[in-house]
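Have the structure open in your viewer and follow along.

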Amino acid sequence: LYQKARIFINNDKFEKVHEIRKKISHYSPDSRFLDEIDYWLGYKNNDIRKVHNSIKQLRIKGVCDEELKLKWTNFYLMESKYDKVIAEICKDNEGKIAEKYRKYASAYYQAGVVYAVQGQFEIAKSLFSNALDKKYNIVYDYNLAMTSASAILEKIKVEHKIGEKVKSEAEAISAKLSEVRYFINDGLKEVRLKYWWNYLNLLGLYNHSLIIEEYECVHEDLKGEEPIAVIVSEAYYFGKRFREALPFLEKIWHLDSLFLSRLMHVYSELDMWDLIDELFKKDITHLIDSEGNIFLYKGESLNKKGDI
């Protein structure tokens, strides 16, 4: 029952949590799990008094100091007080866990979250792996997969190259992300959006057609989001499926000169010259690149009309 309660807490289904709490209280009114549930309810609602009281009760029931301190650092983590988390858990700034916490998977996980947020992905990956070695937890598994995805995407951004090794890694990580997807199916919108951004980007590193296939699985409330449209537009565009790329590019053209140029190219391929003219009537001066490539489409449009 407690594990079910944790799942409901993660998905903000508090009515279900309270139902489970009542059941546990009925059969075992002194159960430690009641205090554990109260802790997580306090954590999710940023209720420091509830957190404090639950930890106090857990101390009375014999929970050791290290576990209780990890509950406080977990609360600090939620408040983005990363320095306090690292100061307590780590013995240095390189992700080495203090000896008294080395048997606790939660210590490695919490430190991993901090380093992932700070963009130190390799350290974070190592910490999440260590957490999983101590104890399997879908939260650890999911964070390791997401951090691995962020690491490889950041590497490509810096090095500007995609070799066979990178493609192979991307394929393995995307397979893992697919495996743990169920964890975020009922999660917050921003969590799900980040997941799909990473996942679809990884697919694009080795097979653009997979982006189009997996787009059907994207949660309905995310399909209209610009980050998703960016990735899907590229899959259709590079596959020369211009008519299918069109609605996505029409949604994102204002974001970057590259997308505007691609939209004009698609209009030209589909012989939609009037729509190119309409674009030039809009305020697009901030999207004109240094080479002025989009003016080529203006000239071609005028030529098509015989105005040149």
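Lys-189 is partly exposed, its relative accessible area being 35%. Keep in mind that this is a predicted model, so every value here is computed from predicted coordinates. The partner of Lys-189 is Glu-225: the two form a salt bridge in which the closest N and O atoms are 3.0 Å apart. Because Lys-189 sits in helix H11 while Glu-225 belongs to the loop between H12 and H13, this pair ties together parts that are 36 residues apart in sequence.

Arg-59 and Asp-65 meet through their side chains in a salt bridge, and Lys-281 pairs with Glu-278. Here are the three pairs with their N to O distances:

| Salt bridge | Distance, N to O |
|---|---|
| Arg-59 with Asp-65 | 2.7 Å |
| Lys-189 with Glu-225 | 3.0 Å |
| Lys-281 with Glu-278 | 3.2 Å |

How accessible are the partners in the other two pairs? Arg-59 is partly exposed at 45% relative accessibility, and Asp-65 is partly exposed at 41%. Lys-281 has a relative accessible area of 65% and is therefore exposed, since that class begins over 50%. Glu-278 is partly exposed, at 39% relative accessibility. Salt bridges with shared partners also join Arg-32, Glu-36, Glu-67 and Lys-71 into one network. The count of salt bridges comes to 20.

Now back to helix H11, which has a part in the pocket as well. The second largest pocket holds about 550 Å³ of space. Its lining has 21 residues, and the closest to the pocket centre are Leu-153, Trp-197, Asn-201, Leu-205 and Glu-234.

Which helix gives the largest share of this lining? Helix H11 does, with 7 residues. Five helices each supply at least two lining residues: H9 (138-159), H11 (189-206), H12 (208-215), H13 (226-238) and H15 (257-269).

Notes
Residues are numbered from 1 along each chain as its sequence is written. This is a predicted model: local features need pLDDT of at least 70, side-chain atom pairs count only at pLDDT 80 or more; totals for chains, interfaces and linings use all residues. Side-chain values use heavy atoms; hydrogens and water are left out. On a 1 Å grid over the protein atoms alone, a cavity is a set of points where a 1.4 Å probe fits but cannot get out, and a pocket is an open set with protein on both sides within 12 Å along at least five of seven lines; lining residues have an atom within 4 Å of a point. Grid points are joined across faces, edges and corners, and a volume is the space filled by probe spheres set on the points. Helices (H or I, at least four residues) and strands (E, at least two) are DSSP runs, numbered from the N terminus. A salt bridge is a side-chain nitrogen of Lys or Arg within 4 Å of a carboxyl oxygen of Asp or Glu. Buried means under 20% relative accessible area, exposed over 50%, partly exposed in between (1.4 Å probe, protein chains only).
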